[in-house]
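Me: Please go through the fold and the chain contacts of the structure below.

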Amino acid sequence: MSFLQAILDGLLIGGVYAVISIGLTLVYGVMGIVNFAQAEFLTIGMFVAWFAWAFLGLDPVLAAPLSFAVAFAIGWVVQGQLIARILSAPAVAQIFLTVGILIVIENGSLLLFGSQFRSVTTSYQTSSLSLGPLFISVPYLIAFAMSLACGIVLWWFMRASWFGRAMRATAQNPAAARLMGIDTALMYKLAFALGVGLTAFGGAVILPYVTVFPGVGGQYVVLMFTVVVLGGLGSVAGAVVGGLAVGVIQSLSSLVFPIQLQNLVLFVVFILVLAVRPQGLVGANR
Amino acid sequence: MKQRIAVGILIVAAALLPLALDPRGYWIRVLAITLLFAAMAQAWNIVGGLANQISLGHAAFFGIGAYTSTVLLKFGISPWLGMFAGGVLGGLAAFIVAIPTMRLQGHYFALATLAFGEVMRVIANVWTSLTGGPGGLSVPFSAPSFWDYSFKLLRPHAYIALAALIVVTAIFEIIRRSAMGYRLRAIRQNQSAAEVIGVDTTRVKLQAAVISGALMAMLGTLYAQIAVFFDPDTVFSIAGISIRIALIAIIGGVGTAAGPILGAFFIIPLEEIMNDLFSSRAAGLSQLVFGAILIAVILWRPRGFITVFDALRARASRTVTP
């Protein structure tokens, strides 16, 4: 029974992993840039939600759109002012520009907010529903539901809206997209801002069951990359599968291994997947 | 010829510098660390520069070296011997990690090596009976002697780091000018084309990775002897080791012998000065400024500082020939 419980917990957590990682895969899919600073926007989202809770009394889950908006604005500026300049530079310059952004955001939040751990208290934090012999943790369920809603909105946006279609056209062939009158620089800004906004959104919805501090993003870096690589870099559908898979792997490995080794299992899976199927489990289709 | 004279002058100047600094002071330590990081970045440069395989996990080999010699020293084995034992283990680890990752390129290779560095950090934290775990490991004290790699002052450490930098740079230059160097650069330019003309790309990359990993591990011993105490999160650090040495090589100019040295003499003293200025006033400010300077340098010179000299030279030659 603990096996089924672990799978259920894993799927619920994995849904959030999917949303925070979609941003990473979106940026790569549209621009071919791996944003090493992506996890820092999770930190930003968590801080925004924490302050909204502490000063406005807003539930972190309701503050998630606010987190999205703040990260979206920062992402818009970062893309327009910094990343746009190195789109055609060698991969090393791209990697290290985003590493520089990571350092600035992490230490900027240390400077502004200090190194203490902050958490929120909500009415539903410790409650759970019972489903036959299984328990569903309410904060996990809420985070999962919010992620699902966010994923559906994104799916609609990418499929049906003009901006979504223009963005996908830019990803496929920037030159052809320009010829069709699409402002590709604008699409890049939109993709990057949307990507980091989603990650910040995910940061807000998990706040009821985690704590926030300036280095929290670092704990999610390898996890996010694992999700994205499992699903295939650049594939949004892949990130969903990858997110759920990582949640379940993490949850199941905690049944067998001590808690300190939980991430080790993940890293080994990550390296093996890279070695065996670098195009991801889902395949190369975007 | 001109170049050789310049290199000779630089080495003599570097050899005199430790004598000019206060042997009990702060700057001799900065110098030793700078020379050590220059050597580490140079070891990284063999794979990262020549083959353009951007490793973000070189801390794995560095930590293996630091732990190997320190654990052996507890059994009374000289760090000099421990250094070579660490080199063998580091080379072996590089071989093992290279098998699954060598076919990967660009971002994928960077990600795989990043994860490998984390694997080693987690193992070192968990394997407490060997490493002391998160509590860290002290290098056993021994009376000052060269054989025991123990000194009262930091000056000998600076000279050993300088010697290490010269040796690693020499190895880098030898590889760069050899057939292996040409093969690695062929891979950098175009892997498929290199294969077509008969380069055994897997084998060449494997060789480079093992040499680079072994050198990195040997430098880990130098660090352990200078630091005297370390823990897994320090020697296996992503930001503190893996990314920092890659940065040093990249800012200086990747794939050139001078790049890592320029980069180290820019970045390490800069970090030290900023820590000195800001860390007492506000935590995080020095690293924040550091990150901002990094962004500025990459936007200004995406191919490294060394291109500044190329540009100057181009301008000079333009003015000479009318």
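Reply: Chain A follows the pattern α-α-α-α-β-β-α-α-α-α-α-α-α along its sequence, helices (H or I, at least four residues) and strands (E, at least two) being DSSP runs numbered from the N terminus. This is a predicted model, in which local features need pLDDT of at least 70, side-chain atom pairs count only at pLDDT 80 or more, and totals for chains, interfaces and linings use all residues. Residues are numbered from 1 along each chain as its sequence is written, while chains are lettered from A and ligands numbered from 1 in the order in which they are written.

Me: What percentage of the residues of chain A count as buried?
Reply: A residue is buried if 20 or more other C-beta atoms, placed from the backbone, lie within 10 Å of its own, exposed if 12 or fewer, and partly exposed in between. Of the 286 residues of chain A, the buried share is 53%.

Me: Which element gives the most to the side of chain B that touches chain A?
Reply: Contact (C-beta atoms, placed from the backbone, within 7 Å) joins 37 residues of chain B to 36 residues of chain A. Elements giving two or more residues to that side of chain B are α4 (79–101), α5 (106–126), α12 (238–252) and α14 (285–300) of chain B. With 14 residues, the element that gives the most is α5(B).

Key: Contact = placed C-beta atoms within 7 Å.
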